[in-house]
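Biologist: I have a new structure to look at. Can you walk me through it?
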Amino acid sequence: MLTQISFFLCVAPLFLPPSGWQAVQPKEFSSHAKIGFVGESTGPYRPSIHLTSEKVDCTLKAYLKAVKEIHLSQPNTVWRDLGCLEMKAGTGQLTESRTPKMSILQAIYLSDGVAYILTAAVSREDFLSKQKEIIAAFKSFDLSQDLWSAIKEEELRVGILSAIEAKEWKKARQLIEKANSSMGEYWQFLALQEAYGKIYPK
Amino acid sequence: MLLLAALPLTSQEQSVPERPDQTGDAAGFASRDATVLSMFGWGISLCVGIAALTALIENDHAHTD
């Protein structure tokens with residue numbers, strides 16, 4: 001069983017999904033991803049993007065080799081290493097696997113023994129039109145000290161932390177929604193989840 | 001209906017065989033999840049939007065209280 005991000009990380013991995021894509025959480029989603037985003041399409045498959053991670057004890061080169069083997073073990077799949085990708089967090093690697101219907105792009109970044117994988121799926125027919133915004137989302141990937149330090153407006157950050165400390169869920173939620181315009185929906189979801197967990201611990 | 005009929009085939013196409021965890025699994029599972037997301041992306045069994053997701057967070061905690 002892979003361990004979820006929050007259990008072993010002190011940092012918060014963040015990215016900005018393409019503008020206008022909807023936050024979704026299918027019931028069938030595996031435990032490795034918390035939330036995904038889907039865009040519009042004229043075809044039967046909507047483009048999607050989500051973030052996962054796993055602990056690793058190897059180099060990026062060795063990790064890519066393992067990823068390649070896993071993808072090529074699937075029938076009718078072609079896998080390619082597309083080279084380096086500059087992301088906010090640093091230099092990652094861009095890969096692509098193709099099936100007859102879908103193209104799956106992955107941006108892989110290794111830091112402090114953790115592999116972060118941003119994965120986007122898009123139909124072959126939508127690939128050219130969606131590629132640019134998917135790559136832009138990949139490039140926005142960053143590692144922040146924690147969810148709250150990523151907020152640049154100090155007043156807002158202090159307000160959220162105060163609301164959490166005072167266990168005022170509604171106020172915390174309102175302030176997190178206010179911060180969403182600059183932080184993006186992926187951050188918003190994680191922030192709401194963390195705030196709720198702290199105000200109403202299980 | 002056509003989408004539902006096609007789902008098992010495509011999911012199988014992207015599935016990762018059951019076996020002990022190994023390096024690269026997160027990327028393998030991510031590919032499968034991304035495909036499922038794209039296929040389910042038209043609103044079947046989805047909780048859509050941050051407001052709905054917030055409600056889901058609240059419900060999730062409420063059920064475990």
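Biologist: In what order do the elements of chain B run from the N terminus on?
Modeller: They run α-α-α. This is a predicted model, by the way.

Biologist: How many helices and strands are in chain B?
Modeller: Chain B has 3 helices and 0 strands.

Biologist: What share of the residues of chain B count as buried?
Modeller: Of its 65 residues, 34% do.

Biologist: Which residues are buried in H3(A)?
Modeller: A:Lys130, A:Ile134, A:Ala137 and A:Phe138.

Biologist: And what do the buried residues of H3(A) pack against?
Modeller: Strands of chain A. They are E4 (48-55), E5 (78-87), E7 (102-111) and E8 (114-123).

Biologist: Next, H4 and H5 of chain A. At what angle do they pack?
Modeller: About 155 degrees, with the axes 8 Å apart. H4(A), residues 154-165, is therefore roughly antiparallel to H5(A). Angles over 145 degrees count that way.

Biologist: Is the crossing of H4(A) and H5(A) left-handed or right-handed?
Modeller: Left-handed. On the H4(A) side, the contact is made by A:Leu156, A:Gly159, A:Ile160, A:Ala163 and A:Ile164. H5(A) brings A:Lys171, A:Ala172, A:Leu175, A:Ile176, A:Lys178 and A:Ala179.

Biologist: How many of the residues in the contact of H4(A) with H5(A) are nonpolar, polar and charged?
Modeller: There are 8 nonpolar, 1 polar and 2 charged residues.

Biologist: How do H5(A) and H6(A) cross, then? What is the angle?
Modeller: Roughly 160 degrees, and the axes come within 9 Å. That makes H5(A) roughly antiparallel to H6(A). H5(A) is residues 169-183 and H6(A) is residues 185-199.

Biologist: What is the hand of the crossing where H5(A) passes H6(A)?
Modeller: Right-handed.

Biologist: Which residues of H5(A) and H6(A) meet?
Modeller: From H5(A), they include A:Trp169, A:Ala172, A:Ile176 and A:Met183. Among those in H6(A) are A:Trp187, A:Leu192, A:Tyr196 and A:Ile199. By class, this contact of H5(A) with H6(A) has 10 nonpolar, 2 polar and 3 charged residues.

Biologist: Back to H4 for a moment. Is A:Val158 buried or partly exposed?
Modeller: A:Val158 is in helix H4 of chain A. It is partly exposed, because 13 other C-beta atoms lie within 10 Å. A residue needs 20 or more to count as buried.

Biologist: What separates the C-alpha atoms of A:Val158 and A:Met183?
Modeller: They are 16 Å apart, and 25 residues apart along the chain.

Biologist: Where does A:Lys167 lie?
Modeller: In the loop between H4 and H5 of chain A. A:Lys167 counts as partly exposed because there are 13 C-beta neighbours inside 10 Å.

Biologist: And A:Asp112, what is its phi?
Modeller: Positive, about 50 degrees, although A:Asp112 is not a glycine. A:Asp112 is in the loop between E7 and E8 of chain A.

Biologist: Why does A:Asp112 count as exposed?
Modeller: Because A:Asp112 has 10 C-beta neighbours inside 10 Å. The cut-off for exposed is 12 or fewer.

How values were computed: Residues numbered from 1 in each chain as written. Chains lettered and ligands numbered in written order. Predicted model: local features only at pLDDT ≥ 70, side-chain atom pairs only at ≥ 80, totals over all residues. Axes fitted to C-alpha atoms, helices over the stretch in contact; angles between N-to-C directions. Helix = DSSP H or I, 4+ residues; strand = E, 2+ residues; numbered from the N terminus. Parallel < 35°, antiparallel > 145°, perpendicular 65-115°, else oblique. Left-handed = near helix turned anticlockwise from the far one by under 90°. Contact = placed C-beta atoms within 7 Å. Nonpolar A, V, L, I, M, F, W, Y, C, P; charged D, E, K, R; others polar.
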